[in-house]
Amino acid sequence: MTRRVNLWRFPGTAAIAGAAIFFLYLPITVLVLLSFSAGDSLAEWSGFGLRWYAEVFDSEDMQRAIGNSLIVASVAMLAGTTAATMAALASAGRFRGKRGVETLLGLPLVVPEIVGGIAVLLFFVLVGIRLGIVSIMLAHIVFVIPYAYLPIRARLDGLDPALAEAAADLYANGWQTFRRIVLPLIWPGIAVGALLAFIGSLGDVVISYFVSGPGSTTLPVYIFSMVRMGVTPIVNAVSTMLLFASLSLLVFSYAIGRRFRPDRP
C-alpha cells in the first residue's frame, strides 16, 4: 500500500505557508480598507467614508468603462462558452490528433498575454478590422475559450458512456440524446465555464490594452491608465468593486461545481 505523506509534518512548512498567505493577501486587505477612507490620501486612513465610491458612480468616464467591460465580458462569455461546449463535445470521442487538438485549445493559457495581444493586434491590422469594442470582443472570445473548455471537458469525462448507448437502444437520435441526457448532466460544467470566462474577460488588461480603440476603453485598462497618469483614492474603490465582483462569481461557480458533482448522490 502507498503511504500518504503529510507535508504539514515537515519542519517550517506551516511557517512558510503562513508567510506566503500573509504576503499575498495583506496588500489586498489594505487596499480594501483604504477604499473606505474619507481623505484625499491614497495610503493613509482619514476616517470612514463612502466618498470615493460615490465618485465612481459620478464619473461619466468610469461609467462608460464599466459599461464597456460588462458588454465585452457578456459577449465573450456567451460566444466563448458556446464554442467551448462544441469543442468539448467534439473532443470527447476518439480520433487521430485528439491530443494535439486539446493542446491547441489550452494554448492561450500558457502563451504570455503580451505575446497574444501583439499577435491579435497584428492580425486585426492585416485583415483590416477597426480597433474598437468589436475588436476587443473578438479577442476576448478567443482567449476565454480555454477557461470555459476545461470545466466542460472535465464534466464530460465524468459521464458514463453507457447512457448514450442506452439512449441509442431506445431509438433516440444524436440531438435527442444531447438535449435530454448529455446537456442536463453537463450544464453545471457549462455554468462554471461561463462564469470563469466572464471573470477572465472582465479582468483582462493586456489584450484589451492592445486591441482597444477610441471610446472602447474597458475598466481594467481605465484603471491602468489612471495609475500611469496619477493615482487617486478612487482607484482603491474601483479595485475593491472589481475584486468583490470576481470573488462573488468565483464563489458561485465553486458552489455550482460542488453541488452538482458527478459523484454526488
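Colleague: What makes up the lining of the second largest pocket, when its residues are sorted by class?

Modeller: In this predicted model, the lining of that pocket has seven nonpolar, four polar and two charged residues. Of the 13 lining residues, E113, F143, Y147, G200 and D204 lie nearest the centre of the pocket.

Colleague: Which helices supply at least two residues each to the lining of the second largest pocket, and which of them gives the most?

Modeller: The helices are α4 (98-110), α6 (133-157) and α8 (174-202), and α6 gives the most, with four residues. The space in this pocket comes to about 200 Å³.

Colleague: How do you know what kind of fold elements the protein has, and how many helices and strands are there?

Modeller: The protein has 11 helices and zero strands, and from the N terminus on its elements run α-α-α-α-α-α-α-α-α-α-α. Of its 265 residues, 34% count as buried.

Colleague: Why is the contact of D61 with R64 called a salt bridge?

Modeller: The closest N and O atoms of D61 and R64 are 2.9 Å apart, and a salt bridge asks for a side-chain nitrogen of Lys or Arg within 4 Å of a carboxyl oxygen of Asp or Glu, so the pair meets the criterion. The structure holds one salt bridge.

Colleague: What places D61 and R64 about one helical turn from each other, and how is each of the two classed by accessibility?

Modeller: D61 and R64 are three residues apart in helix α3 (residues 60-90), which means that about one helical turn separates them. D61 has a relative accessible area of 41% and R64 has 43%; partly exposed covers the range between the 20% cut-off for buried and the 50% cut-off for exposed, so both residues count as partly exposed.

Colleague: Is S208 buried or exposed, and where in the protein does S208 sit?

Modeller: S208 belongs to helix α9 (residues 206-211). The relative accessible area of S208 is 1%, while buried means under 20%, and therefore S208 is called buried. Its C-alpha atom is separated by 7.7 Å from that of G117, although S208 and G117 are 91 residues apart along the chain.

Colleague: Why are L150 and I71 called partly exposed?

Modeller: L150, in helix α6, has a relative accessible area of 46%, and I71, in helix α3, has one of 44%; since these values fall between 20% and 50%, both residues are partly exposed. Each can also be placed against a residue elsewhere in the sequence: L150 and G189, 39 residues apart along the chain, have their C-alpha atoms separated by 8.7 Å, whereas I71 and T218 are 147 residues apart in sequence and 9.5 Å apart in space, C-alpha to C-alpha.

Colleague: How do you know what span helix α1 reaches against the expected value, and where does α1 bend?

Modeller: Helix α1 (residues 13-34) has 22 residues and runs 32 Å from its first C-alpha to its last, which is close to the 32 Å expected at 1.5 Å a residue. Within α1 there is a bend of about 35 degrees at Y25, with a proline, P27, following within four residues.

Colleague: What span does α4 reach, against what expected value, and at which residue does α4 bend?

Modeller: With 13 residues, α4 reaches 19 Å from its first C-alpha to its last, close to the 18 Å expected at 1.5 Å a residue. The bend of α4 is about 30 degrees and lies at L104, and here a proline, P108, follows within four residues.

Key
Residues numbered from 1 in each chain as written. Predicted model: local features only at pLDDT ≥ 70, side-chain atom pairs only at ≥ 80, totals over all residues. Heavy atoms only, no water. Buried < 20%, exposed > 50% of the residue type's maximum accessible area, 1.4 Å probe, protein only. Expected span 1.5 Å × (residues − 1). Bend = angle between axes of the 7 residues up to and from the residue. 1 Å grid on protein atoms, 1.4 Å probe; cavity = no way out; pocket = protein on both sides within 12 Å on 5 of 7 lines; lining within 4 Å. Points joined across faces, edges and corners; volume = space filled by probe spheres on them. Nonpolar A, V, L, I, M, F, W, Y, C, P; charged D, E, K, R; others polar.
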